[in-house]
Amino acid sequence: MKPLYSYMVNQTNIPGEFDIIKTEKGFTMKGWDFTRADLAEAVKADRMLNPTFELASNVCPWDCDFCFTEDPSNPKGLKKRLNLEMSLEERLKLINDANDLGVRSINIVGAGEPTIDPNFWQLMEHISNKAITPIVYTEGTLRLTDEEFTKRLYSIGATIVLKVNSLENSEYQNAVVNSGERRTHPLKIDYFQKRNEALQILLDLGFNKHDPTRLAFDTIICRENYDEVLKLHRYTRDNNIFVLAVGYLPTGRSSNLDKIQGAISPKELLERYQRMAEIDENEYGIKHGVGYPYGGGVPCSIRGRGLHVKIQGDVMLCPGEFVPIGNLKTESLKDIWYRTKEERIKHNWGCPPRIVDWKQRGYDTSELK
């Protein structure tokens, strides 16, 4: 197996893969398009660049058993509104505070499905008006099949990250959003079909016609799609789509991965990453290392240059953490950011939560960062 990312020999230890941007093959996406120089400057100035915020209510009609934003005490059942969710005013203030810290993008990861939140457009326009790239993580079927809705997302400069576990296995893809059960969803929606409709609209509107691309896939590599992943990887390269190819995040509903059907070992995951790197070099002329947690793309910049804010105000170092380091109802984002500087200095651009989880479950993590 080839070595992991080749690190710069300087104080910031920034992987060279961040400089692979102008490829027109989806190696990164708009909002994650930071060069090593960008990151080195941000590290020096202690600027926040790329946080994840749960800017939407916890409401979601789907029932994904690996939902990392859901409380693990609610392993099944629909995601519902939580007590003490941040108000619209608190969420707008969070955006303002992040802007003051220098952010260039905000990953909107929930808590529930962002596009169905009643305040979605007010929040999106507030982000866009500050020249921050909104990155919307979405299941796609509930709103993005409305072409006018999706055109509006295009016009405000959003990057879309679409749930794509499979492009060819409808039974498996539909099961993913139904807690792994082969059953018809109460919404009576064929998720696979409607998701593909949303994808076609995104392609027709040209989200993937940008450099860096503004279209990405959120793809968890597991037992059921292990063989398809390489075909999916080629599809994204051929269509200038970024793919977040990852293993399960060990938090939320997937905090106990031993109970998650289809979870694979780190060795199996890195084998897919190695094959993706070989395909990139041999077929697309993109030479890069084999890194973690994302296969075939830039390393993670969220933990080192961002924080994760839950819908009830809890703040984590990144989405993979369980223990809050503060809460916005009692402390400002700025204060939390500056007092956690030492944690960011130790960051090696890998995924500490996943590494800790692998170790606790007895896996060899010597090849991971």
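These legends accompany close-up views of a predicted model of one protein chain.

**View 1. The whole chain and its elements.** The secondary structure of this chain is made up of 12 helices and 9 strands. Its radius of gyration is 19 Å, close to the 21 Å that the globule rule gives for 369 residues, so the chain is as compact as a globular protein of that length. Taken along the principal axes, the box that the C-alpha atoms fill is roughly 55 × 45 × 40 Å.

**View 2. Inside and surface of the chain.** Of the 369 residues in the chain, 59% are buried.

**View 3. The largest cavity.** The structure holds 5 cavities of 30 Å³ or more, and the largest cavity contains about 770 Å³ of space. It is lined by 42 residues, of which F68, T69, V109, Y137 and D218 are the closest to its centre.

**View 4. The lining of the largest cavity.** The elements that each give two or more residues to this lining are the strands β3 (133-138), β4 (159-163), β5 (215-220) and β6 (242-246), together with the helix α9 (302-305). The largest share, 3 residues, comes from β4. When the lining residues are sorted by class, 25 are nonpolar, 9 are polar and 8 are charged.

Methods: Residues are numbered from 1 along each chain as its sequence is written. This is a predicted model: local features need pLDDT of at least 70, side-chain atom pairs count only at pLDDT 80 or more; totals for chains, interfaces and linings use all residues. Side-chain values use heavy atoms; hydrogens and water are left out. On a 1 Å grid over the protein atoms alone, a cavity is a set of points where a 1.4 Å probe fits but cannot get out, and a pocket is an open set with protein on both sides within 12 Å along at least five of seven lines; lining residues have an atom within 4 Å of a point. Grid points are joined across faces, edges and corners, and a volume is the space filled by probe spheres set on the points. Helices (H or I, at least four residues) and strands (E, at least two) are DSSP runs, numbered from the N terminus. Ala, Val, Leu, Ile, Met, Phe, Trp, Tyr, Cys and Pro count as nonpolar, Asp, Glu, Lys and Arg as charged, and the others, Gly among them, as polar. The radius of gyration is taken over C-alpha atoms; the globule rule is 2.2 Å times the number of residues to the power 0.38. Buried means under 20% relative accessible area, exposed over 50%, partly exposed in between (1.4 Å probe, protein chains only).
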